[in-house]
Amino acid sequence: MLRHARRDADGWAAEQGRAGRVVVRTIGRDLPLPLLRACGLAPVALVPVPEAGVALPPTSLNAGARGHLAAVLALPMQPLLVSTNEPTGAMLYAVLRELMRCGDLAPRPLHGIDLLRPRDDAVVRYNRARLDELADWAAMLGGRRPSHDELHAAIETDAGVHAMLGRLDDWRRHDPPRLGGVDRLQALRAADVLPPEQHLRALHHLFDRLPDAAPRRGERVVVAGAEPHEEAVYAAIEACGAVIVADDLAASDAAAPAGDGGDPWDALARRPVQADAVDPVARARGLVDLARAARAARVLHLRAAGDEAQPWLRRWLEVACAETGVAWTAIDLRADEPPEASVREALERGATARRAQPAATAAPPSPAATAPAPPRPPAPPGQPGKTQEGRSRKSLQAVADFSRYQREWFAGVQARALNGEPFAVVNADAPQEILRAFDIPFVVNQWWGSIVAAKQQSRRYLGLLREQGYPTDAEPYSAQGLAAAFDTDAGQAPWGGLPRPQWLLAFTASAATRGIFTSWAQHTGAELCLLDRTIDTRVDLPLEWWDRLPHDWDDTLEPPRLDLIEREFAELIARIERSTGRTFDEQRFRTVMDLVNEQEAYYRRTRDLIAACPRAPVGVVDSMPATMVPQWHRGTEWGRDAARALHDEVRSRIDQGAVACPDERLRLMWVGRGLWSDMGFYQRWESSHGAVFVWTMYLALAADGYLRYCSPSQSPLRALAARFVTMGDELRMPTWAGAWHVREARTHRVDAAIAIDDADPLVLRALERAGVPVLRLALNNFAGGGVAGLDDAARQVGAFLDALSPSRRG
């Protein structure tokens, strides 16, 4: 029964349905299955199916999530519950919601459950609100809202299952083991399919047979890394002669509360969740402790294709293993092929390295004590990414003025940091307004990444990361601040180098964020503030959010999300007060918020001027830097005045009849991050095709994404929470982003869109369905592929523009 439970999940679902129970198919980990069962529902996991033969729409989903999408498309219209507490699940839920909205997926009851790691009472309250929503959804399906005793009994039954799984682990760790990794994984995964009573009977049956089971021989290993752990991977590992005696799924086995007679709702809200929610340093140490407790000789770390979280663990796993003498091997699973070859090759490499290793190996120095990488020779002239067309041509005086101010400002920040004043580096989605109110200077991480690219230092900075054991293919654009910590060559360092921060601040919005920022804090000694990223789980979203959010944000956004982020911002303020001795000035903060709204209102007017003008008064080579430099000064009088100066200069150019491209015949939009390493790329087709790029996300998001007006009776801190709770959704989350991009394409009268690899495929599909031709370039905004990659992309753009209909080409 255990061996075939997930393979026969559809059969189990059908059996539950025949018994008269409402079946809910589930996707993801950390789901509150006891609550569903106490509501009278029958949760059964939806198992991924091969993509072959299934016509999947284009998405940004990884291979595992695409397998789930394929299963959904083949599924009868049963209710579906998706865990959204990690980026892959959140995107899968958003994709399903968008496909239903567009009619590409048959309507069905769909619900997302967003449960966070319960690190404080504010998160527990958030989890409790999400559990209440789930109970209401269950009642809507025909279930019931459970009583205290019903929910308590369901939790107790679930705890009994997990306790039995723990007893099985004793036999897996036995010397020699009597239970293999595949059998243990099957026993665990059956919990998502079988009714708990049947599951428990099957576990007891397996347990009773283990004393007489044949001993397992081979190297004892611990498996960790990529989720979900797949049975085929475990089988491939054990086919190579290893015995899996532990894995990092064991932490989740212990997650079920024991049910001590207290509030069962609170017990569910306090359940620990996914291992990836733990910082990579602590997780690496925990894996080594697990290996030593299980008497394992080696840790096998899995990385699935496209996984941007796991690579940031490996550097710390290497350190922890070296300090304790535990070996480890990296296994990179290749996309679209069985795991046997990847596993075998990795284990053979590990065996070769072990034979060549000296008897005693010294641990490497701890990261905090690791010396920065030595200076590197200058790159040969012209080596990194400029295209053959050379530098961009600017039309606005504001661009030169803002650039000059930015250099002067940054020199002042460097001086203040060297004098020992508090200095922070923050992600673009972090609440910079709080630091502004404290008068703490800061640099935005993504701005620094754009400077590294513009100064042609991308390859050198990737080398600095590589020399320190960090990945160069897992969100490298956001890792340039970390790379700067290893840069000792003041002559090459962009603008003299990034000061060492005392504070690091970010939302955990991407799979790589926690790894990047934890590593950065370890190397610099900075105080780390990571804020929880939450997900809007409503099925029906306000499509015209750009009109509603500026004034009606408190009625438009979900209260639990605003409550949590407002509380996290309040705790951040308290931390800064304790650390710096400064006092938060609420009136100063309200002034900062007012200045931000004034600045963004100027951007909105400027965006609308450009959109309405018959011929573009400026192109994106002007609007991008003229927007983004002042954006990093939001909440200052200079930032507000700079936005006004941009507006006034654009207005003046329109009045004078000045245009970006005198022979304008095509209006283009650029979808994705800006190509800061080669702004001249955007102007290459002005003379040949009359093609001018009139739109990027930078001015448009400033116009629509930040305005949050706050009445005297409203909390400015809650208004700030409303600004950042949606940050990023406007650009890459289906439904939010698709409708907005279509609206922007229409108002700017664009003839075509050109996108790079970080553009969401469903956004591009929405543009195409709205009649906008789209060219997809295999290009990223960071390294860009070098000169050859940019020139190849330029050829594709030229051919694309040639192929546009004569009517579009004027």
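Biologist: What makes glutamate 686 and arginine 393 a salt bridge?

Modeller: Keep in mind that this is a predicted model. The closest N and O atoms of glutamate 686 and arginine 393 are 3.0 Å apart, and the cut-off is 4 Å, so the pair counts as a salt bridge. The two sit in distant parts of the chain, 293 residues apart: glutamate 686 is in helix H26, while arginine 393 is in the loop between helix H14 and helix H15.

Biologist: What makes arginine 533 and aspartate 729 a salt bridge?

Modeller: Their side chains meet at 2.6 Å, N to O, and the limit is 4 Å, so the label holds. This pair also links distant parts of the chain, 196 residues apart, with arginine 533 in the loop between strand E12 and H21 and aspartate 729 in helix H29. Arginine 533 is buried at 15%, and aspartate 729 is buried at 4%.

Biologist: How many salt bridges do you count, and which residues are linked in a network of them?

Modeller: The count comes to 62. Arg604, Arg607, Asp608, Asp704, Arg743 and Glu744 are linked in a network. Another pair is glutamate 219 with arginine 298, where the closest N and O atoms are 3.4 Å apart. Glutamate 219 is in strand E5 and arginine 298 in strand E7, 79 residues apart. Glutamate 219 is partly exposed at 26%, whereas arginine 298 is buried at 4%.

Biologist: Why is helix H28 called largely enclosed?

Modeller: Because 10 of its 10 residues are buried. The buried residues run from Pro716 to Val725 and include Arg718 and Arg723. What covers them includes helix H16, strand E11, helix H21, helix H22, helix H23 and helix H29.

Biologist: What caps the N-terminal end of H28?

Modeller: Serine 715 does, with a side-chain oxygen 3.2 Å from the backbone nitrogen of leucine 717.

Biologist: Why is the pair of tryptophan 447 and tryptophan 495 called edge-to-face?

Modeller: Their planes are at 70° and their ring centres 5.4 Å apart, so the pair is edge-to-face; the label needs over 60 degrees. Tryptophan 447 is in helix H17 and tryptophan 495 in the loop between helix H19 and E11, 48 residues apart. Both are buried.

Biologist: How many aromatic pairs are there, and why is tryptophan 409 with phenylalanine 410 called tilted?

Modeller: The count is 26. For tryptophan 409 and phenylalanine 410, the planes are at 50° with centres 6.2 Å apart, so the pair is tilted. Stacked would need under 30 degrees and edge-to-face over 60. Tryptophan 409 is buried at 17%, and phenylalanine 410 is buried at 1%. Trp409, Phe410, Trp447, Trp448 and Trp495 form one aromatic cluster.

Biologist: What makes you say that arginine 167 lies over the face of phenylalanine 207?

Modeller: Arginine 167 is 4.3 Å from the ring centre, against a limit of 6 Å. The charged end of arginine 315 sits over the ring of tryptophan 316, 5.1 Å from its centre.

Biologist: What stands out in the backbone at glutamine 456 and proline 176?

Modeller: Phi of glutamine 456 is near 60°, a positive value in a residue other than glycine. Most residues other than glycine have a negative phi, and most peptide bonds are trans. Glutamine 456 lies in the loop between helix H17 and helix H18 and is buried at 19%. Proline 176 is joined to aspartate 175 by a cis peptide bond, with omega about 0°.

Notes. Residues numbered from 1 in each chain as written. Predicted model: local features only at pLDDT ≥ 70, side-chain atom pairs only at ≥ 80, totals over all residues. Heavy atoms only, no water. Buried < 20%, exposed > 50% of the residue type's maximum accessible area, 1.4 Å probe, protein only. Helix = DSSP H or I, 4+ residues; strand = E, 2+ residues; numbered from the N terminus. Contact = heavy atoms within 4.5 Å. Polar contact = N/O pair within 3.5 Å; in protein donor to acceptor, adjacent residues only side chain to side chain. Phe/Tyr/Trp six-rings, centres within 6.5 Å; stacked < 30°, edge-to-face > 60°. Lys NZ or Arg CZ within 6 Å of the ring centre and 35° of its normal.
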